[in-house]
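Biologist: I would like to learn how to read features from a model. Could we take them one at a time?

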Amino acid sequence: MPTTRKLVVTQNITLDGSIEMLDPWFSPEAEQDQDDLLEELARQDETNDAVLFGRQTFEDMRGYWPQQSDDTTGVTEHLNRTTKYVVSSTLTDPGWDRSVVLSGDPVEEVRALKEADGQDIVCTGSITLVHAIIAAGLVDEFRLFVFPAVQGRGRRLFPDGFVIPELELLEVKSFRSGVVLTRHRPLP
């Protein structure tokens, strides 16, 4: 009997709940000096074989990670071997190996990905897309890397007015940098 792939939203988030990076509270370069955090990211990468992006986040990632020739974080290697799905009605040529453009209805495209064979699908950044898949009830787990910073502005993880009555706490883990990982699963 086929099983549905798990869709995991992984976000870097400020203590006050912003996932939009308007101030310098997050930097991929800073993670290189955080062995305990990198070990956790590598552990999580073992369970997924696909990443899902909105167009803007995809273009940001494509403009940064493929150019990292001496990346010690492991992110470049993981992205190079992982299928990257980008939801876009305007992008035709992704210009990045192992990338697939999903140009149909975003909710239906993601629903179909979940039904396909494979490991977990991870969605990060992509605020508009994340809001759509949260509202559609497609997210199976939230992995939040909470940074010890308050931005005081910016878009939040959950769309305005959206309610999840209860989440199950799966894990809490702290890192030397002060970042705290929380994992939650929506309850049925």
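Modeller: Let us start with Thr 128. At 61% relative accessibility, Thr 128 counts as exposed, because the cut-off for exposed is over 50%. This is a predicted model, so keep that in mind throughout.

Biologist: Where does Thr 128 lie?

Modeller: Thr 128 lies in helix 5.

Biologist: Is Ile 133 buried or exposed?

Modeller: Buried means under 20% relative accessible area. Ile 133 has 0% relative accessibility, so it counts as buried. Ile 133 also has its place in helix 5. Between the C-alpha atoms of Ile 133 and Val 9 there are 9.4 Å, while 124 residues separate the two along the chain.

Biologist: Now the core. Which residues have the most contacts inside the largest nonpolar core?

Modeller: A nonpolar core joins buried residues through side-chain atoms within 4.5 Å. The largest one here has 25 residues. Those with the most contacts inside it are Leu 7, Val 9, Leu 52, Ile 133 and Leu 157.

Biologist: Which elements supply at least two residues of this core?

Modeller: They are strand 1, strand 2, strand 3 (83-87), helix 4 (106-115), strand 5 (120-123), helix 5 and strand 6. Helix 5 gives the most, with 5 residues.

Biologist: Next, empty space. How is it found?

Modeller: Rolling a probe the size of a water molecule over the atoms shows where empty space is left. In this structure, the largest pocket has a volume of about 1200 Å³.

Biologist: How many residues line the largest pocket, and which lie nearest its centre?

Modeller: The lining has 39 residues. Nearest the centre lie Phe 53, Thr 57, Met 61, Thr 124 and Gly 125. Two or more lining residues come from each of strand 1 (7-14), helix 1 (35-45), strand 2 (48-54), helix 2 (55-64), helix 3 (75-81), helix 5 (127-135) and strand 6 (141-147).

Biologist: Which element gives the most to that lining?

Modeller: Helix 2 does, with 6 residues. By class, the lining of the largest pocket has 19 nonpolar, 13 polar and 7 charged residues.

Biologist: On to rings. How many aromatic pairs does the structure hold?

Modeller: There are 8 aromatic pairs. Take the rings of Phe 53 and Phe 58. Their centres are 6.3 Å apart and their planes lie at 50 degrees, so the pair is tilted. Planes under 30 degrees apart would count as stacked, and over 60 as edge-to-face.

Biologist: Are Phe 53 and Phe 58 buried or exposed?

Modeller: Phe 53 has 0% relative accessibility, so it counts as buried. Phe 58 counts as buried because its relative accessibility is 0%.

Biologist: Which residues do ring pairs link into a cluster?

Modeller: Trp 25, Phe 26 and Phe 147 are linked in this way.

Biologist: What sits over the ring of Trp 96?

Modeller: The charged end of Lys 84 does, 4.9 Å from the ring centre. Lys 84 has its place in strand 3. At 0% relative accessibility, this lysine counts as buried. The C-alpha atoms of Lys 84 and Val 139 are separated by 18 Å, with the residues 55 apart along the chain.

Biologist: Last, the backbone. What should I look for in phi?

Modeller: Most residues other than glycine have a negative phi, and most peptide bonds are trans. Look for exceptions. Arg 98 is not a glycine, yet it has a positive phi of about 60 degrees. Ser 126 is not a glycine either, and its phi is positive at about 50 degrees.

Biologist: Where are Arg 98 and Ser 126 found?

Modeller: Arg 98 lies in the loop between strand 3 and strand 4 (99-102). Ser 126 is in the loop between strand 5 and helix 5. Arg 98 counts as partly exposed, at 46% relative accessibility. Ser 126, at 5%, counts as buried.

Biologist: And where is the place of Gly 178?

Modeller: Gly 178 is in the loop between strand 7 (167-174) and strand 8 (180-186). At 34% relative accessibility, Gly 178 counts as partly exposed. The C-alpha atoms of Gly 178 and Val 146 are separated by 8.6 Å, and 32 residues separate them along the chain.

Technical notes:
Residues numbered from 1 in each chain as written. Predicted model: local features only at pLDDT ≥ 70, side-chain atom pairs only at ≥ 80, totals over all residues. Heavy atoms only, no water. 1 Å grid on protein atoms, 1.4 Å probe; cavity = no way out; pocket = protein on both sides within 12 Å on 5 of 7 lines; lining within 4 Å. Points joined across faces, edges and corners; volume = space filled by probe spheres on them. Helix = DSSP H or I, 4+ residues; strand = E, 2+ residues; numbered from the N terminus. Nonpolar A, V, L, I, M, F, W, Y, C, P; charged D, E, K, R; others polar. Phe/Tyr/Trp six-rings, centres within 6.5 Å; stacked < 30°, edge-to-face > 60°. Buried < 20%, exposed > 50% of the residue type's maximum accessible area, 1.4 Å probe, protein only. Lys NZ or Arg CZ within 6 Å of the ring centre and 35° of its normal.
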